[in-house]
Amino acid sequence: LLLGMVENTLNQTVPSIEAFDKALKLEPAYVEARFYRANALIDAGRSEEALKDIVILKQGDKTNPAADYLEGLYQFQNKEYALASASFDSALRAESQFPLALLLGAISNYMTGSKERAEDLVIRFRMKEPNNVAARKLLASIYVERIQPKKAIELLDPVYTSPNRDVGTVNILAQAYAKVGNSDEAMELLEESVQLDPTSASTRTRLAAGYFNEGQMDLAESQLGAAIAQDPLYHQADTILVLGYFDAGQKDKAFEALAAYAERNPGSPGPKNLEGVLYSRLKDSAKAEQAFKSALVFSPGDPFASDMLAKQSLLQGDQDTALSYYKAVLQYHSGNLQVAARIIEITWASGERNQAISDLEDLIKAYPDVLDLRSMLASYYLVSGRPEAIPALFQTSTGKWDNNPVSIRQDGIWWGHKYHQKVAGKGARLGPCLRSPGQSTGSKR
C-alpha cells in the first residue's frame, strides 16, 4: 500500500496500480488499498475497471463518504453530472478528507444548470485554496453569467498576468470585458486566445462570434472557415456561421451555409435542429415543426428537437403531445433528470397534483441524493396543504444536508408556514421567499 501511495504521489500511475493490486491479493478486504486503486484507475482513464472497486466499497458500507467520492469521480469522468453532483454532496460528510469534492461538485452543478449551488460550493472551496486557478475560472464564469463582470475581472486578472495563463482564462476575461462594454479589450483577448491555441476550433469560433458582433463579416467568415476545416465535427462553428448571417439580415447566405453544414453531416440531427431554429425566428411554425421532426428521424428522442416540439405543443394547449415528446427523450436518455422533472411539472400544471407528487416521490426513490428534486417536492407539498411532510425530506441520519442552503431555505419555509398559521397576516411577508412549482430550485439571496 505504501509503495503504491508513493508511486501515485510521483504520478507513476501504472506502478501504483500494480502495487495496490499486490496489496489486495494479500488482503482482499483491505478497504484503503481498494480506495486508492480505484482512484488511480480513474486517473488513468480506466473508469470501468474502477467501477468494480467502487461497487465493492459501497456494498461494504453504503454510507462510506470515500465510496461516494469515488463514485462521483467515476460519474464526473463519464459526464453524468447530475449523478456526480449528488455523489459529491454525499462525500462532503467528510469534507476535510475530500476537499476536492467541493470543486468537482461545483463544476457538476454548474454543468447541470444549478448555478447557485455551484457558487456556494466553489466559494467554500476557495476558502481552503484561494489561489486555485480552476476555482477562480469557474467562479468568474458564474459572475459573467450573473452580469457581475467586474468581479470576474478581479478574480482572473492575477491569473492573466501570470506566465501560466491559459486559453480558458483569456476567453472568460474576454466575455467579462465585453459585458462591461470594453469591446476593444474583449477583441484583443479573443485574438490572443487564438494565438495561444491556433489549432482549437472552439477558440476560433469565439473570435468569429466577436467579429460578427463587431460587424466584421469577412474576418468572421475567415475564422469560421478555418475552424470548420480544423474540426468538421465541431458543430458550433457552423451554428455561429449560420446564425451570424441570419442576424446580419443575410438570410440567403444563412440558408446556403446551413445547406453546406447539412451536406457535411448527412446523418446528424444538428442541421435540422438549426433549420428549425431559423424557421422559428421567421415565425414559420409549420416549417419549424417539420425540421424538428426530421431531426427526430435522424436521432429518435433527440433532447433539443423534442424540447422545441414539446414547447410548441404547450403553446397550442396540447399537453398530451408535449408529454409524448418528453417521454420519448427518456426512452433513449433515461438518466435525463431535467426532462423527467419537466414531465412532472406538466402533470402538475394539468391539475393532476396527486399524480405529480406520486411521480416525483418515485423519482426521488430512484435518485435519493438529488437535492433539487426534494426541493421541488417540498414546494408541491406546501401548495397542496401538506407542509408537515416537508421536514422529513431533508432529515437524514448522517446530516448530509445540514449546511446546504437549499435545505436550510426549505426548513425556513416550513417554520415560516407554522408562524403564518399562528400569527394572522404576518405570513404575507414570506411571499417573496416561497418558490412556486416550476421555478428553478436553489438558494435565493
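First, a term. Buried means under 20% relative accessible area, exposed means over 50%, and partly exposed is in between, with a 1.4 Å probe and protein chains only. By that rule Glu145 is partly exposed, at 42% relative accessibility.

Now the ground rules. This is a predicted model, where local features need pLDDT of at least 70, side-chain atom pairs count only at pLDDT 80 or more, and totals for chains, interfaces and linings use all residues. Residues are numbered from 1 along each chain as its sequence is written, and side-chain values use heavy atoms, with hydrogens and water left out.

Salt bridges next. The term means a side-chain nitrogen of Lys or Arg within 4 Å of a carboxyl oxygen of Asp or Glu. The count is 14.

Back to Glu145. Its side chain meets that of Lys115 in a salt bridge, 2.6 Å from N to O. Lys115 sits in helix H8 (residues 115-128) and Glu145 in helix H9 (residues 133-145), so this pair links distant parts of the chain, 30 residues apart. Helices here are DSSP runs of H or I, at least four residues, and strands are runs of E, at least two, numbered from the N terminus. Lys115 is partly exposed, at 25%.

Next pair: Asp68 and Arg93, 3.2 Å from N to O. Asp68 belongs to helix H5 (residues 65-77), while Arg93 is in the loop between helix H6 (81-91) and helix H7 (100-111), so the bridge ties together parts 25 residues apart in sequence. Is Asp68 buried or exposed? Asp68 is buried, at 5% relative accessibility. Arg93 is partly exposed, at 27%.

Lys253 is in helix H16 and Glu221 in helix H14, 32 residues apart.

That brings us to H14. It covers residues 217-230, 14 residues in total. From first C-alpha to last it reaches 20 Å, close to the 20 Å expected at 1.5 Å a residue. The expected span is 1.5 Å times one less than the number of residues. Met217, Ala220, Gln223, Leu224, Ala227 and Ile228 are buried. Down the axis of H14 these fall within an arc of 135°, so they line one face. The arc is taken from the directions from the helix axis to the C-beta atoms. The face turned away from the buried side carries exposed Asp218 and Ala229.
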